[in-house]
Every structure is written in structure tokens, then in C-alpha cells.
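The sequence and structure come first, and the report follows.

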Amino acid sequence: MSGTVTPLQDAFWRACEVLLYRHTTPWDLDEALVDWGYGLGPCEVQDLVGLDKVLAARKGADVTPVLPRMVAEGRLGKRFGWGFYRYPGGGGAVIDPLIEDLICEEAWFAKVDRVELTGADLVARLHADIGPLLRTDLDAAVTQLHFPVDRLATI
């Protein structure tokens, strides 16, 4: 997985971060998108790239306080053993309930009312927000976001 974050990835992951902040958990978001057809969930991909690199690509323009806090706490992704998920012994992703607490706490401090959305609603909301960008460069969406090429007509 490349450590370089493209503008398309950055925009997509920012939209996903808003969904996390307002509506869901990393594992529920990843599951919804993988079930819909994405090759990998966005939270797991960011863990593979490195959350420090994802944050650095933003050049100070944060969407929510979640990612900056994660990086400040040392949640840098898989190569460091934890990010959106934990990676015990360098293995596969394991749900970490502490990240849900972190997200909910940051939303609470900001007085954001979290409203849980179903998997289908998460996908629909994401595609409503980012669909036009995906359609402008489908090749990049497929290679950089693991977007299912056969599903373009559905967004």
C-alpha cells in the first residue's frame, strides 16, 4: 500500500470521517462499503497507508477532531499496531472499542448529535456526498479507493 495520499483519497476519507463522527463506527462503515462492493473499507485502508500520512496530506484542514486526536495518541495504523483497528502481533484487523469511545467523546464535546445509520444509508450518504468526484475519475476511484467498477451506474 502506497504511503502517498492522493487528493481523491483525501476527499473520500474526509467524507468517511464525517460519517464516523456523526453516524457510525469504523467497522460498521467498512463492513457497509465492502458489502456494497468496495474491495477494502476506508478505515482499514487508512490504517494500511498510515494515519500520520493521511493527516499530513490534509495540510492542517481538519474535518473533525477524530483523526488529529488518533495521531496524537499514537494511533498511526497497522505498522504501529493500532489505528482505527488493533493489529495484535502484526496480524489482521481487530475491532477496538476504544476508538468508538474516542469518536463518541469528540462528538459529545462538540455537541454533535450522533444518529446511527444503517449500512445502506451510510453508503447512500457517502455516494451522495462524493459520487460526483468518483464519476469524474473512475479509473482513480477503482485503483485508489477499491471502488467496484461494475457499480458506477448505481452512484
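## Model and overview

The model is predicted. It holds eight salt bridges.

## Arg69 and its two partners

Start with Arg69. Glu105 forms a salt bridge with Arg69, and their closest N and O atoms are 2.5 Å apart. This pair links distant parts of the chain. Glu105 sits in helix α6, while Arg69 sits in helix α5, which spans residues 66-72. The two are 36 residues apart. Glu105 is partly exposed, at 33% relative accessible area. Arg69 is also partly exposed, at 22%. Buried means under 20%, so Arg69, at 22%, does not count as buried.

Arg69 also meets the side chain of Glu106 in a salt bridge, at 2.9 Å from N to O. Glu106 lies in helix α6 and Arg69 in helix α5, so this pair ties together parts that are 37 residues apart in sequence. Glu106 has 14% relative accessibility. The cut-off for buried is under 20%, so Glu106 counts as buried.

## A buried pair in the loop

Which side chain meets Arg75 in a salt bridge? The partner is Asp96, at 2.9 Å from N to O. Arg75 and Asp96 each lie in the loop between α5 and α6. They are 21 residues apart, and the pair links distant parts of the chain.

Are Arg75 and Asp96 buried or exposed? Arg75 is buried, with a relative accessible area of 2%. Asp96 is buried as well, at 3% relative accessibility.

Salt bridges that share partners join Asp10, Arg14, Glu17 and Arg58 into one network. Two of these members can be described further. Asp10 lies in helix α1. Arg14 is found in helix α1 too, and that helix covers residues 7-23.

Asp10 counts as buried, at 13% relative accessibility. Leaving aside neighbours within four places in sequence, Asp10 is in contact with Val5 and Arg58. From Asp10 to Gly74, the C-alpha atoms are 20 Å apart in space. In sequence, Asp10 and Gly74 are 64 residues apart.

Arg14 has 18% relative accessibility. That value is under 20%, so Arg14 counts as buried. Not counting residues up to four places away in sequence, Arg14 touches Arg58, Ala61 and Val63.

## A negative patch on the surface

Which residues gather in the patch of negative charge on the surface? They are Asp28, Glu31, Asp35, Glu100, Asp101 and Glu116. Helix α2 (26-36) and helix α6 (97-109) each supply at least two residues of the patch. Helix α2 gives the most, with three residues.

Take Asp35 as one of the patch residues. Asp35 is found in helix α2. Its relative accessible area is 61%. Exposed means over 50%, so Asp35 is exposed.

Definitions and conventions. Residues are numbered from 1 along each chain as its sequence is written. This is a predicted model: local features need pLDDT of at least 70, side-chain atom pairs count only at pLDDT 80 or more; totals for chains, interfaces and linings use all residues. Side-chain values use heavy atoms; hydrogens and water are left out. Helices (H or I, at least four residues) and strands (E, at least two) are DSSP runs, numbered from the N terminus. Buried means under 20% relative accessible area, exposed over 50%, partly exposed in between (1.4 Å probe, protein chains only). Contact means heavy atoms within 4.5 Å. Patches are made of residues with over 30% relative accessible area and no salt bridge: like charges are joined within 9 Å, nonpolar side chains (Val, Leu, Ile, Met, Phe, Trp, Tyr) within 5 Å. Accessible areas come from the Shrake-Rupley method with a 1.4 Å probe; for residues, only the protein chains shown count as cover. A salt bridge is a side-chain nitrogen of Lys or Arg within 4 Å of a carboxyl oxygen of Asp or Glu. Lys and Arg count as positive and Asp and Glu as negative; His and the chain ends are not counted. The place of a charge is taken as NZ of Lys, CZ of Arg, CG of Asp or CD of Glu.
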